[in-house]
Amino acid sequence: QVQLVESGGGLVQAGGSLRLSCAASGRTSSDYAMGWFRQAPGKEREFVAAIKWSAGSTYYDDSVKGRFTISRDNAKNTVYLQMSRLTPEDSAVYYCAARSGVVLPTTASRYNYWGQGTQVTVSS
C-alpha cells in the first residue's frame, strides 16, 4: 500500500506563489509516475502535472505551463508542485496521485493511489 499526503495549500493572493508537497510512504518504487490533479466545486478532476520518478521527465497541462513546476526529492520521497503567478481560476483542491509502470499518465482513472487533497484558494 502507498500512502500519499499533500500539504502546503492555503490562501494566496493573485499573482502569488505556493508550493505543494506530496509525501509518499509505503511500498513506493522509482518506476512510479507521480501526478498532480485539481478539482474545483462542480468540476471534474483535471490533470495538472506529472513526473516520472526515475527519469525525471515531466508533462504539464496547457493551463499551467510556464507557471507551475513539478519536481521530486528522491531522498525525501516527496513530490512538489511549485505554483507561481496564481490566478483565482487555480483555486481548487489539489490531489497527489501515483501510478506504477506507466509513463506520465494524464488521466485520473489511470492512477492507483491518491492523497486526500489540499485546498488552494487564490483571492483577487
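**Cavity, strands and cores in a predicted model**

The model has 1 cavity of 30 Å³ or more. A cavity here is a set of points on a 1 Å grid over the protein atoms alone where a 1.4 Å probe fits but cannot get out. This is a predicted model, in which local features need pLDDT of at least 70, side-chain atom pairs count only at pLDDT 80 or more, and totals for chains, interfaces and linings use all residues. Residues are numbered from 1 along each chain as its sequence is written, and side-chain values use heavy atoms, with hydrogens and water left out.

**Cavity**

- The largest cavity holds about 30 Å³ of space, a volume being the space filled by probe spheres set on the grid points, which are joined across faces, edges and corners.
- Its lining consists of A24, T28, S29, Y32, M34, W53 and N77; lining residues have an atom within 4 Å of a point.
- That lining comprises 4 nonpolar residues, 3 polar and no charged. Nonpolar covers Ala, Val, Leu, Ile, Met, Phe, Trp, Tyr, Cys and Pro; charged covers Asp, Glu, Lys and Arg; the others, Gly among them, are polar.

**Strand pairing**

- Strands are DSSP runs (E, at least two residues), numbered from the N terminus. Two strands pair if DSSP finds at least two bridges between them.
- Strand β1 (residues 2-7) runs antiparallel to strand β3 (residues 18-26), with 6 bridges. Q3 has S25 in β3 as its bridge partner.
- β3 also pairs antiparallel with strand β8 (residues 78-83), over 6 bridges.

**Nonpolar cores**

- A nonpolar core is a set of buried Ala, Val, Leu, Ile, Met, Phe, Trp, Tyr and Cys residues joined through side-chain atoms within 4.5 Å. Buried means under 20% relative accessible area (1.4 Å probe, protein chains only).
- The largest core has 28 residues, of which M34, W36, L81, M83 and Y94 touch the most other members.
- At least two residues of this core come from each of β1, β3, β4 (32-39), β5 (46-52), β7 (68-73), β8, β9 (92-100) and β11 (118-123).
- A second, separate core has 6 residues, including F37, A97, L104 and Y111.

**Two residues up close**

- Contact means heavy atoms within 4.5 Å. Beyond four places in sequence, the contacts of M34 include L4, C22, W53, I70, V79 and Y111.
- L4 lies in strand β1 and is buried, at 1% relative accessible area.
- Beyond four places in sequence, L4 touches residues including C22, A24, M34, C96, Y113 and W114.
- L4 and R45 sit 41 residues apart in sequence and 17 Å apart in space, C-alpha to C-alpha.

Notes
1 Å grid on protein atoms, 1.4 Å probe; cavity = no way out; pocket = protein on both sides within 12 Å on 5 of 7 lines; lining within 4 Å. Helix = DSSP H or I, 4+ residues; strand = E, 2+ residues; numbered from the N terminus. Buried < 20%, exposed > 50% of the residue type's maximum accessible area, 1.4 Å probe, protein only.
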